[in-house]
Amino acid sequence: MNFVDQTLANWRGALLSSIPVGGLLSRNPVVYKWKANLRVWMLREAVFWRLHDLLTQSYALHQQGHGLGAQILLRSAFESLSTLIYLNQLMQQVLDGKLNFHAFGEKTSVLLLGSRDGSTKHRSINIVTILQKCDRRYPGIEKLYAALSESAHPNYEGMVVGYSKIDHDEYETHFSNRWMELYGDRHLGAMELCMSTFHHEYNDVWPALMDELEGWIEANDSELEATK
């Protein structure tokens, strides 16, 4: 098995099937009376499920030679990854005293319940705004996303580069599907980067921040109650 195969297989067995609210309250009744903390858990696991699904399909399309679809799904995977990175950044801001906890709660509501079609009362944050914030932690992620986005739109790369090649000697344009020729060799490397970054944010960064946040909430519960 290569890295992508092995990681997808490992992830498949690690996906969380449920988050029992009673279990969280048993874990810490003071901390989990605040709904923001349940949303933090839900966001983390929803990102994991979505990322696994997107990358599984992106990998399958790449293996079948469908380069455009693989690129577009990988783009969506980086969007999902950026949501977890941004959530972790927000948690750190609370701990650093740079973000009010109640404002943090509102932001978790927007991340979890935001929409653009009016199906919820929260308007979702523009993903480019989130990626700009993530780029401070992982320089280059915004540029990589922008490159993947070129394939998703019917602009110069999405139309002309992806499907045609000019023969300047013969003054003739030849049409073909060029996505695998152009980007097939680098696709798995980009998938590995997405996976490795997610692994760090999910398994290392988030648990440490959650432990700190639980302790912070316990220590500041009286003030939080007085200001809610």
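**Legends to the close-up views**

**View 1. Asp 221 is a residue of helix 9.** The model is predicted: local features need pLDDT of at least 70, side-chain atom pairs count only at pLDDT 80 or more, and totals for chains, interfaces and linings use all residues. Residues are numbered from 1 along each chain as its sequence is written, and side-chain values use heavy atoms, with hydrogens and water left out. Helices (H or I, at least four residues) and strands (E, at least two) are DSSP runs, numbered from the N terminus. Asp 221 has a relative accessibility of 13% and counts as buried. Buried means under 20% relative accessible area, exposed means over 50%, and partly exposed lies in between (1.4 Å probe, protein chains only). With neighbours within four places in sequence set aside, Asp 221 is in contact with Val 30, Lys 33 and Trp 34; contact means heavy atoms within 4.5 Å.

**View 2. His 52 sits in helix 3, which spans residues 35-63.** The relative accessible area of His 52 is 9%, so this residue is buried. Apart from neighbours within four places in sequence, His 52 is in contact with Leu 8, Trp 11, Arg 12 and Leu 15. Met 91 is 39 residues away from His 52 in sequence, and their C-alpha atoms are 24 Å apart in space.

**View 3. Helix 1 (residues 3-14) crosses helix 9 at roughly 35°.** The two axes come within 10 Å. Axes are lines fitted to C-alpha atoms, for helices over the stretch in contact, and angles run from 0 to 180 degrees between N-to-C directions. The crossing of helix 1 and helix 9 is left-handed, a term used if the near helix is turned anticlockwise from the far one by less than a right angle (right-handed if clockwise). On the helix 1 side are Phe 3, Val 4, Thr 7, Leu 8 and Trp 11, and on the helix 9 side are Leu 188, Met 191, Glu 192, Met 195, Ser 196 and Phe 198. By class, these residues are 8 nonpolar, 2 polar and 1 charged. Ala, Val, Leu, Ile, Met, Phe, Trp, Tyr, Cys and Pro count as nonpolar, Asp, Glu, Lys and Arg as charged, and the others, Gly among them, as polar.

**View 4. Helix 8 (residues 156-163) meets helix 9 (residues 179-227), with axes that come within 8 Å.** Their axes cross at roughly 105°, and helix 8 is therefore roughly perpendicular to helix 9. Angles of 65 to 115 degrees count as roughly perpendicular, under 35 as roughly parallel, over 145 as roughly antiparallel, and the rest as oblique. Helix 8 supplies Glu 157, Gly 158, Val 161, Gly 162 and Tyr 163 to the contact, and helix 9 supplies Trp 179, Leu 182 and Tyr 183. This contact has 5 nonpolar, 2 polar and 1 charged residues.

**View 5. Strand 3 (residues 164-167) and strand 4 (residues 172-175) run antiparallel and are joined by 4 bridges.** Two strands pair if DSSP finds at least two bridges between them. Ser 164 has Phe 175 in strand 4 as its bridge partner. In this hairpin, 4 residues lie between the strands.

**View 6. Tyr 171 belongs to the loop between strand 3 and strand 4.** Its phi is near 55°, a positive value in a residue other than glycine. Most residues other than glycine have a negative phi. Tyr 171 has 77% relative accessibility and counts as exposed.

**View 7. The chain as a whole has 9 helices and 4 strands.** Its C-alpha atoms fill a box of roughly 80 × 35 × 35 Å, taken along the principal axes. Of the 228 residues, 43% are buried.
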